[in-house]
Amino acid sequence: MDSPRKSKSRTARLLEKTRSRPAKTGQAESPARSENELLKDLRTSQVELETQNEALRQSRIALEDSRDRYIKLFEFAPVGYLTLTDKGLIEQINLTGARFLGMDRSRLLSRRFAGFVAAEDRARWSRRFNAMLRSQRGYTDELRLRREDGSEFRVLIDCQSTSIDGTANSVLLTLTGNNERRSMKQRERSFNVIFERSSIGIAVTGSDRRYRQVNPAMCRMLGYSEAELLGMSYLDITHPDDKELKLGKFEPTIAGDVYHFSVEKRYLRKTGETVWVSLNVASVTRESNGEPLYSIVMAEDITERREAELKRLAEARQQRETLVREVHHRIKNNLQGVAGLLQRELGKFVELNPRLEAAISQI
């Protein structure tokens, strides 16, 4: 892109060329006017070029930022990233992958990956690698790799055949170390223990409101087997009077895509009995339209608590009614006594009879 200084020198050269150019026969315009119009056109072109230059500069900055983010993501990922040729040669490898293999990256490029596979796993690697190239289907496997210093370690590999830069049969390979795999397995094991042994019913429902996963506590609470509940909708077990229950506004718990709400409602057991449950629901939604992808439901049986509350309310209502009747009875007796006293006074003072009669009538 030309700088303003170069644009000015070009303008000067064009003006000199215009001055030296002979006028055409019959040309009505003066040389001064032609030069002014040319100068105006050149200035307009200069502004357009400078605008384009600024737009290109901004695009270059955005591309450089995007490249830097990609480099950080690629180089410092917690897993090893490699690209291999269809011959199994290393084309690219990130820093994590180089640390896995225990060599400087510059020494790894163009080396055969099979050379780092332990001897007892090398035949399996070669067989599966070639089968993947033929079928174009990725696969995962666990391999023992061998570093240059002779130390061996296990990794989980993920192989995918793809096309990179127009090169057919390039292979994307990820290496996940034992620590990461062990941590993932521990988290999965902890979740399974909580899910299976929890005394509270836990279920996962899809966007169609049907159960995808239920734990034993959920089955015991509702009286259904796991096979019976899977595929059923939670509306199938909801009490008819609670199917239109207003759930209120979902409150976001993780900005963007997770919403939480709580509600108490009634479910119907397989036997037809009613069970009150306290539900805590976390719904994971699509950011684009807000529709739930799936929901995690925790259901606690609160039937005893609700029945105790209803019994307490009934007893309180009965006590209130008894008290009202007792108070009414006592007030009535007292008023009748007062009315009797006033009636005995009738006739003793004739001039007071109208007032006494009015008071007795009001009582």
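Good morning, colleagues. The model is predicted, so to speak of local features we require a pLDDT of at least 70, side-chain atom pairs count only at pLDDT 80 or more, and totals for chains, interfaces and linings use all residues. Residues are numbered from 1 along each chain as its sequence is written, and side-chain values use heavy atoms, with hydrogens and water left out.

I begin with the salt bridges. The term denotes a side-chain nitrogen of Lys or Arg within 4 Å of a carboxyl oxygen of Asp or Glu. By this rule the count comes to 18. One of them joins the side chains of glutamate 75 and arginine 105, at 2.8 Å from N to O. This pair links distant parts of the chain, with glutamate 75 in helix H2 (residues 31-75) and arginine 105 in helix H4 (residues 105-108), 30 residues apart. Helices here are DSSP runs of H or I with at least four residues, strands are runs of E with at least two, and both are numbered from the N terminus.

How covered are the two partners? Buried means under 20% relative accessible area, exposed means over 50%, and partly exposed lies in between, with a 1.4 Å probe and protein chains only. Glutamate 75 is buried at 12%, whereas arginine 105 is partly exposed at 26%.

A second salt bridge brings together the side chains of arginine 144 and aspartate 121, at 3.4 Å from N to O. Because arginine 144 lies in strand S3 (residues 139-146) and aspartate 121 in helix H5 (residues 119-135), the pair ties together parts that are 23 residues apart in sequence. Arginine 144 is partly exposed at 24%, while aspartate 121 is buried at 5%.

Arginine 146 and glutamate 152 also meet in a salt bridge, at 3.2 Å from N to O. Arginine 146 is partly exposed, with a relative accessible area of 40%, and glutamate 152 is partly exposed at 38%. Through shared partners, salt bridges join Glu120, Asp121, Arg124, Arg128, Asp141 and Arg144 into one network.

The expected span of a helix is 1.5 Å times one less than its number of residues. For the 43 residues of H9 this gives 63 Å, in agreement with end C-alpha atoms that are 63 Å apart. Valine 338 has its place in this helix, residues 303-345, and is partly exposed at 38% relative accessibility. Just after H9, glycine 347 takes a positive phi of about 95°.

At 17% relative accessibility, threonine 85 is buried. Which residues does threonine 85 touch, not counting those up to four places away in sequence? With contact meaning heavy atoms within 4.5 Å, they are Glu91, Phe129, Asn169 and Val171.

Finally, consider strand S6, residues 201-206, where six of six residues are buried. In a regular strand the side chains alternate between the two faces of the sheet. Gly201, Ala203 and Thr205 are buried on one side of S6, and Ile202, Val204 and Gly206 on the other. S6 pairs with strand S7 (residues 211-214) in the antiparallel sense over three bridges; pairing requires that DSSP finds at least two bridges between the strands. Within this pairing, valine 204 stands opposite glutamine 213 in S7. The hairpin has four residues between its strands, and there arginine 209 takes a positive phi near 70°.
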